[in-house]
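Reader: Hello! Could you walk me through this structure and tell me what stands behind each label?

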Amino acid sequence: MSYRLSPLVLCVCFIPAGRCADPPPGFHRSPFFNECVREQWVEGDVRVLINVSGTFDAKLPTRLVIFATPNGNSIEWTLGCGQAPGLDWHFEIQHVAAQIRRLRELTPNENIVLACLEPEGLAWPAWRKKHADAPARVRRIVDWAREQIPLGSNRVTLTGHSGGGSFTFAFLDAADAIPDFVERIAFLDSNYSYDDGKQHGDKLFAWLKGDTARKLSVIAYDDREITLNGKRVVGSDGGTYRASHRMMTRFRKDIPLTESKEGDLVNHLGFNSQLAFRVHQNPGNKILHTALVGEMNGLLQALTEGEANTWGTFGGPRAFSKLVQQAPRIPPRPADAIGGRAFMQSIANMPRGDREEAIASEILRGNIPEFLRKFSKIEVKSNQHAATFDVMPDYLSVGSDADFVRIPMNPLTAQRIADAFGCALPTRKIVDDVYRNAAAKLEPIPLTEAREAVSTFIQHHDLIEKQRLSEEFGLLVAGVKKDVVISNRLNEKANRVALYGWHKRDGAPIQPLTVVHVDWYVDYSHGVRLMSRNITVDGKPRDVRHVLQSAALCGLLSDEGPILRPSY
């Protein structure tokens, strides 16, 4: 089948950039905006994606922005990307990643780190009801995120949109006092759960008094009369407008709030601008729920509240447009792209790191053969569930259909390319499923000399092609390489590559699942076969990440149980 974009895949932008420093431990380089990312499920059912700049400098102060996703939204929708045919509209509304990039531009003398958090089921209020110990879990999640940053972080911003505010209130519920490492709290139309009975106001007030550097920001709008399909959206005591006024009533018991008007905004400031409520009066009675965050620069406003504003205007226009990622895609092959064999010769004598960078750059610009763009469909069943997923018909190669070479690479390079193409790396089970479904099962050809040399990469490719030429071009091919895979065994040792496969004709793999090699090691036998992140389960679209995490569904893709670290 032809490759198609998933509404759930990671958005990327192909921005040329100089090679950045090595990623922090546990991170891989992103294909966009010179960034590095780490992704993991924490506490079993909360997915966390941490994004750091490729120019992270441990000598500079670090601010960690923890952003809890809104109800019904994935991390990818929350981070945002540009429009593309067939792409879900959710990608175009919040643009949290682009606003963080703008903040990085404004504050070059500090590291801005983003941790975007998504609960299983995509609703923080429901997640809290599921877990009686939700406050303690939230505290552990925040601590885990802080620990992933080089040298840790003692300056944390807690924020979120919509139901994401429930995450922040769970954090407040976990102890009698807000920890000193919290520097800023921002509610983006997300303060519905505010409750004086739980001492939320008392805790926030005591926290603000503790340090003049602390900031509390509330972005809200008058949602009392908004309607959808002729029905009121907000109940008689609900919504962000009423919650904001409950908060203001509490604070006015101790401090005055200065009110001012600015266009359609009514601003309430106090504590020498440590405390700011910005409430849009909504004269058109529109649903501004998401517009406040993205279109009106709401996140930027909240993250710079109390500081000099040099980025633009709250209310719009967008102050981050040039930093929005493009939609995921495999780019068309450039007309001037070099042939596969010539490219391999050009990297033959490069140092290992330079070679990996050259491979990533060449493939990310679209220099792969046409036949790899037509994905093959695999159908699987497990525990009364059925799924269909799509895989590349062969291993990643450089060049054209007439002149291509299968190209081994390390797992960090492979992950970077997968992110760019909206794809994922396979598991051991997926590799087995591919072999069972392959139309062209070829004989493995082990080599023993100069295993890490590019000349051996070419030699092995040529030996494979002597077999493959007897088969129809473009068939699903298997048995020719060990696969770079994701696995729970990667938790055994840091900085390793997981390898599996190279099946013989009887279906037995030459290479059992192993993590013996460090992640920079590459030899001629390694291959990278990508799969689309879009998977259909029981007739419904899902993301591979969610299927791998689910105890009920993971058997469709994994023979190791749930996989909580879905990328390198």
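Reader: Thanks. Where is the place of Val233?

Author: Val233 sits in the loop between strand S10 (231–232) and helix H7 (240–251). Helices (H or I, at least four residues) and strands (E, at least two) are DSSP runs, numbered from the N terminus. Before we go on: this is a predicted model, where local features need pLDDT of at least 70 and side-chain atom pairs count only at pLDDT 80 or more, while totals for chains, interfaces and linings use all residues. Residues are numbered from 1 along each chain as its sequence is written, and side-chain values use heavy atoms, with hydrogens and water left out.

Reader: Why is Val233 called partly exposed?

Author: Buried means under 20% relative accessible area, exposed means over 50%, and partly exposed is in between (1.4 Å probe, protein chains only). Val233 has a relative accessible area of 45%, so the label is partly exposed.

Reader: Which residues make the nonpolar surface patch of about 260 Å²?

Author: Leu228, Val233 and Ile287 make that patch. Patches take residues with over 30% relative accessible area and no salt bridge, joining like charges within 9 Å and nonpolar side chains (Val, Leu, Ile, Met, Phe, Trp, Tyr) within 5 Å. The areas come from the Shrake-Rupley method with a 1.4 Å probe, and for residues only the protein chains shown count as cover.

Reader: Why is Tyr435 called buried?

Author: The relative accessible area of Tyr435 is 5%, which is under 20%, so Tyr435 counts as buried. Tyr435 is found in helix H12 (residues 428–437). Leaving out residues up to four places away in sequence, Tyr435 touches Lys441, Ala478, Gly479, His503, Lys504, Arg505 and Gly507, where contact means heavy atoms within 4.5 Å.

Reader: What makes strand S5 largely enclosed by the rest of the structure?

Author: Nine of the nine residues of S5 (residues 111–119) are buried, so the strand is largely enclosed. Asn111, Val113, Ala115, Leu117 and Pro119 point one way, and Ile112, Leu114, Cys116 and Glu118 the other way.

Reader: How do strands S3 and S4 run relative to S5, parallel or antiparallel?

Author: Strand S3 (residues 46–53) runs antiparallel to S5, with six bridges, and strand S4 (residues 62–68) runs parallel, with seven bridges. Two strands pair if DSSP finds at least two bridges between them, so both count as paired with S5. In S5, Glu118 is the bridge partner of Arg47, and Cys116 is that of Phe67.

Reader: Why is the contact of Glu357 with Arg29 called a salt bridge?

Author: A salt bridge is a side-chain nitrogen of Lys or Arg within 4 Å of a carboxyl oxygen of Asp or Glu. For Glu357 and Arg29 the closest N and O atoms are 2.6 Å apart, so the pair meets the cut-off. Glu357 lies in helix H10 (residues 352–364) and Arg29 in strand S1, so the pair ties together parts that are 328 residues apart in sequence. Both residues are buried.
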